[in-house]
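Here are my notes on the model you sent. Please read them with the structure open.

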Amino acid sequence: MTDGAVSVVARVLVAADKFKGSLTAVQVAERVTAGLRRVVPDLRVETLPVADGGDGTVAAAVAAGFERREVTVTGPLGEPVTAAYALRGTTAVVEMAEASGLQLLPAGVFAPLTATTYGSGELLRAAVDAGATTLVFGVGGSATTDGGAGMLAALGAVFLDAEGAPVGPGGGALANLASADLSGIDPRFAGVDFVLASDVDNPLTGPKGCAAVYGPQKGASPEDVETLDAALAHYAQVLEKAIGPRAAELAASPGAGGAGGIGYGALLLGASFRPGIELMLEVLGFAPALERATLVITGEGSLDEQTLHGKAPAGVAAAARAAGKEVVAVCGRLALPPEALGAAGIRRAYPLSALEPDPSKSIPHAGPLLEEVASHIARDFLL
């Protein structure tokens, strides 16, 4: 008898996130499928690449049947970049990392004080221009810590310093903010169903705020973190004068600190906050695919403590467990003990590091290694 022994006619659902730095979610699904079919050639496999709102979200939506649309917007350093969003009917999936993400910065270059989310606002406006009345706004992977001020400015908000001049780009410049006026924001956003999809529930400021927790990942020194946190707190105070106590309430709300505080800007626009993977599974049509499956394979580059806090594999496993489906996971490296995997609803994990422990070798050869790992899953669970 094999390890898992899925009975009846097996149908496998591959619903994995990207392996960051080596394979996209689409490539993960392709390699897993190839490895499974090495062992069971006529196996029925359905693939549904997933994402939790961070980078890769638009690609996952396109793989699920959305149309990819490209526009030129302002990048995090102020230069033009090509950014994509996904559209199906009147629903658009917009990924802030496409316009304001870390991956848009040159290697080794960070701009923690000056990187702007202006292009994310332009991307949202492009989706509305295309007829979207529902916006799923995935945030994560940002180069920015500007509280969404750049995004709001792109949509018509006005932020001025004491001299009456527009404040500069980035979170650092918000220390000079003297007045804010949100009355010029594109009125169409009042009629849009706007949903903020994030895998973090941090507030805007404080020890758990976006500058303190995520600023160092974006090149912020301890001094920069202090500067940014103070500037964001000042920004919220100025907004409170402009729109009342709602500004302070939203700054303390879960998700306000998502992606350098762009979550705060989205909440000011009227967005509702949803855990990213939960929302994305709905948008991607996960429930009907799950119903058809007898075994679910999920995964991401590193299965670790972060995975358990709102990342894609945990969301997939939770939904599958609720439906009574068995789940196994693939990953580059595994940093969770079996009991933590079991508590998350994952029967067993298959890391590439079990085949090649040296990351300098496993990362460039992740595809072939993943096929080999998938063939092991097929032998353990499908024969």
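1. Start with the cover over helix H12. Its buried residues are covered by elements including helix H10 (276-284), helix H11 (286-292), strand E11 (295-303), strand E12 (326-334) and helix H13 (338-344). Contact here means heavy atoms within 4.5 Å. Helices (H or I, at least four residues) and strands (E, at least two) are DSSP runs, numbered from the N terminus.

2. This is a predicted model: local features need pLDDT of at least 70, side-chain atom pairs count only at pLDDT 80 or more, and totals for chains, interfaces and linings use all residues. Residues are numbered from 1 along each chain as its sequence is written, and side-chain values use heavy atoms, leaving out hydrogens and water.

3. Which residues of H12 are buried? Within residues 312-322, they are Ala 312, Pro 313, Ala 314, Gly 315, Val 316, Ala 317 and Ala 320. Buried means under 20% relative accessible area (1.4 Å probe, protein chains only). Just after H12, Gly 324 has a positive phi of about 75°.

4. Now the whole protein. The secondary structure comes to 15 helices and 13 strands. Of the 383 residues, 56% count as buried. Among contacts between residues at least 6 apart in sequence, 73% join residues at least 24 apart.

5. The C-alpha trace spans about 75 × 45 × 35 Å along its principal axes.

Definitions and conventions:
Buried means under 20% relative accessible area, exposed over 50%, partly exposed in between (1.4 Å probe, protein chains only).
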